[in-house]
Amino acid sequence: MARLALLIRCQVCGHEFDTGIRMDRRNFARATFASNYHSCPRCGRRGIYHKEDFRVKEEGSLRTGRAVRGVD
Ligand SMILES: [Zn+2]
């Protein structure tokens, strides 16, 4: 099953960043994320984020694969 990368958007500056959390879709569906603290790498503000604040991205789709190929 594909791993999901969890991203959030900073409540202060709007910068979207990777929380470093990885889980599969099933665990994400079950998880509650009552109160998660994350610090924005851009403005440094720490905020509490809830499940509905997370944006998920399939890790597989982050790979560039063979997109960078030919030099012909
Ligand atoms: Zn920020």
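Student: What should I know before I start?

Tutor: This is a predicted model, where local features need pLDDT of at least 70, side-chain atom pairs count only at pLDDT 80 or more, and totals for chains, interfaces and linings use all residues. Residues are numbered from 1 along each chain as its sequence is written, and side-chain values use heavy atoms, with hydrogens and water left out.

Student: Which strands form the open sheet, and in what order?

Tutor: Strands of a sheet pair through backbone hydrogen bonds, either parallel or antiparallel. Strands here are DSSP runs of E with at least two residues, helices are runs of H or I with at least four, and both are numbered from the N terminus. Two strands pair if DSSP finds at least two bridges between them. In this model three strands make an open sheet in the order S2-S1-S5, with antiparallel pairing. Strand S2 (16-24) and strand S5 (54-58) are the edge strands, each pairing on one side only.

Student: How many bridges join S1 to S2, and how many join S1 to S5?

Tutor: Strand S1 (residues 3-9) pairs with S2 over six bridges, while five bridges join S1 to S5. You can follow this residue by residue: Ile-8 stands opposite Phe-17 in S2. Leu-7 faces Asp-18 in S2 and has Arg-55 as its bridge partner in S5. S1 and S2 also form a hairpin with six residues between them, and Gly-14 in the turn has a positive phi of about 85°.

Student: Is S1 mostly covered or mostly open?

Tutor: Buried means under 20% relative accessible area, exposed means over 50%, and partly exposed lies in between (1.4 Å probe, protein chains only). S1 is mostly covered, as five of its seven residues are buried. Take Leu-4, which is found in strand S1: Leu-4 counts as buried because its relative accessibility is 1%. Contact means heavy atoms within 4.5 Å. Leaving aside residues up to four places away in sequence, Leu-4 touches several residues, including Ile-21, Met-23, Phe-28 and Val-56.

Student: Which residues coordinate the zinc ion?

Tutor: Donors are N, O and S atoms within 2.8 Å of the metal (3.2 Å for Na, K and Ca); water is not among the atoms, so sites may look incomplete. Here the zinc ion is coordinated by the SG atoms of Cys-10, Cys-13, Cys-40 and Cys-43, at 2.3 to 2.4 Å. Along the chain, these donors follow the spacing C-x2-C-x26-C-x2-C.

Student: What is the geometry of that site?

Tutor: Ideal angles are 109.5 degrees for four tetrahedral donors. Four donors count as tetrahedral if all angles lie between 85 and 135 degrees. With angles of 106 to 117° among its four donor atoms, the site of the zinc ion is tetrahedral.

Student: How many aromatic pairs does the structure have?

Tutor: Rings of Phe, Tyr and Trp (its six-membered ring) pair if their centres lie within 6.5 Å; planes under 30 degrees apart count as stacked, over 60 as edge-to-face and the rest as tilted. A search of the whole structure finds two pairs. Phe-28 and Phe-33 form a tilted pair, 5.6 Å centre to centre with 45° between the planes. Phe-33 and Phe-54 are also tilted, at 4.8 Å and 40°. Together, ring pairs link Phe-28, Phe-33 and Phe-54 into a cluster.

Student: Are Phe-33 and Phe-54 buried or exposed?

Tutor: Both are buried.

Key: Tetrahedral: all angles 85-135°; square planar, octahedral: opposite > 155°, others 65-115°.
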